[in-house]
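Have the sequence and the 3D view open side by side.

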Amino acid sequence: MCHRHLLTALCAWLLLALHVLAAPPYKALIVDGQNGHDWKSTTPVLKKIVEDTGLFTVDVATSPPRGKDMSNFRPKFADYHVVISNYQGDEWPEETKKALVDYVKGGGGLVIYHFACAAFPKWPEYNEMIGLGGWGGRTEKAGPYVRWRDGKFVLEQVPGPTGGHGPMQAFKIEVRNFDHPITKGLPPAFMHVEDELYGWLRGPAKNLTVLATAFAPKAKGGSDEHEPILFTVDYGKGRVFFNALGHTAKELKSVAFIVTFQRGVEWAATGQVTQKVPDDFPTAEKASVRP
Ligand code: ZN
């Protein structure tokens, strides 16, 4: 009997040890519940993409629907290494806003996915955290555009729209920063599937680093500029990453999205990227999709 007890205890200990070793080291929180986009079908895909890194467990905090009482919406941002926003809608309670600002200022990670850059036009700290945004009643007063001029980025406060895009189109993404952990090791240019090509984003653009752009031709409803598609913002001790891609779940199958998102989430959480660039990464000529 004694042997059996010992064996059982040993087995239990081994299982626990294996579990601890196999458990992903980081925690991510996706925030959704309202969005001008179909957040109900994109959140599960984003969750799987982040879990597939093997680095994260992912929780989801879903707000009450538009127009409903928001006063008890208090996600515990501080419990996570990274907060991913798939949210665009009603204002949050002041306590919740302050909790997010304190969390990022204190060293937390924040990832802004696609239309989350249209959220909270009147919340100054949010606009500072996300660097550039659009829509939601934003005007030229939101701040300058970030424009690629003679091999570097400049801020241009000129008249024009604040957020916009032409019809769905395939486009090439060009890396503009090869030293940043998110883009290090990626090819200099790679194709994305047909998607919205976000343009004319404006904002405070403080401590902003553009990682990649896509050219938005006027003939296809664009600005005729190299639009920032992937960028980061340093906010306090925190790290913010913006990924403009991914209008619906269909576009989230693009490896250009999957890989840049996975790398951006890891960087926002830890300041590093340990993931390898996969073999199915797109080339400058051909987009790549996963089933
Ligand atoms: Zn969209």
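Contact here means heavy atoms within 4.5 Å. The model is predicted. Helix H2 lies across E1, E2, strand E3 (82-85) and strand E4 (109-113). H2 runs at about 160 degrees to E2.

Now the sheet itself. It is open and has 9 strands, with mixed pairing. The order is E2-E1-E3-E4-E11-E10-E9-E7-E8. Strand E2 (56-62) and strand E8 (189-195) stand at the edges. Each has a single partner strand, so one side of each lacks a neighbour in the sheet. From one strand to the next, the twist averages 25 degrees.

Look at one pairing. Strand E10 (residues 225-235) and E11 run antiparallel, joined by 6 bridges. Within it, Thr232 stands opposite Phe241 in E11.

Next, the metal. Which residues coordinate the zinc ion? They are His37 (NE2), His114 (NE2), Glu196 (OE) and His247 (ND1), at 2.0 to 2.1 Å. Angles among the 4 donor atoms span 93 to 154 degrees, and the site is irregular. A tetrahedral label would need all angles between 85 and 135 degrees. The donor residues follow the spacing H-x76-H-x81-E-x50-H.

His37 and His247 link distant parts of the chain, 210 residues apart. His37 sits in the loop between strand E1 (26-32) and helix H2 (39-51). His247 sits in the loop between strand E11 (238-243) and helix H5 (255-270). His37 is buried, at 18% relative accessible area. His247 is partly exposed, at 23%.

Methods
Residues are numbered from 1 along each chain as its sequence is written. This is a predicted model: local features need pLDDT of at least 70, side-chain atom pairs count only at pLDDT 80 or more; totals for chains, interfaces and linings use all residues. Side-chain values use heavy atoms; hydrogens and water are left out. Donors are N, O and S atoms within 2.8 Å of the metal (3.2 Å for Na, K and Ca); water is not among the atoms, so sites may look incomplete. Four donors count as tetrahedral if all angles lie between 85 and 135 degrees; four count as square planar and six as octahedral if opposite donors are over 155 degrees apart and all others between 65 and 115; anything else is irregular. Helices (H or I, at least four residues) and strands (E, at least two) are DSSP runs, numbered from the N terminus. Buried means under 20% relative accessible area, exposed over 50%, partly exposed in between (1.4 Å probe, protein chains only). Two strands pair if DSSP finds at least two bridges between them. Axes are lines fitted to C-alpha atoms, for helices over the stretch in contact, and angles run from 0 to 180 degrees between N-to-C directions.
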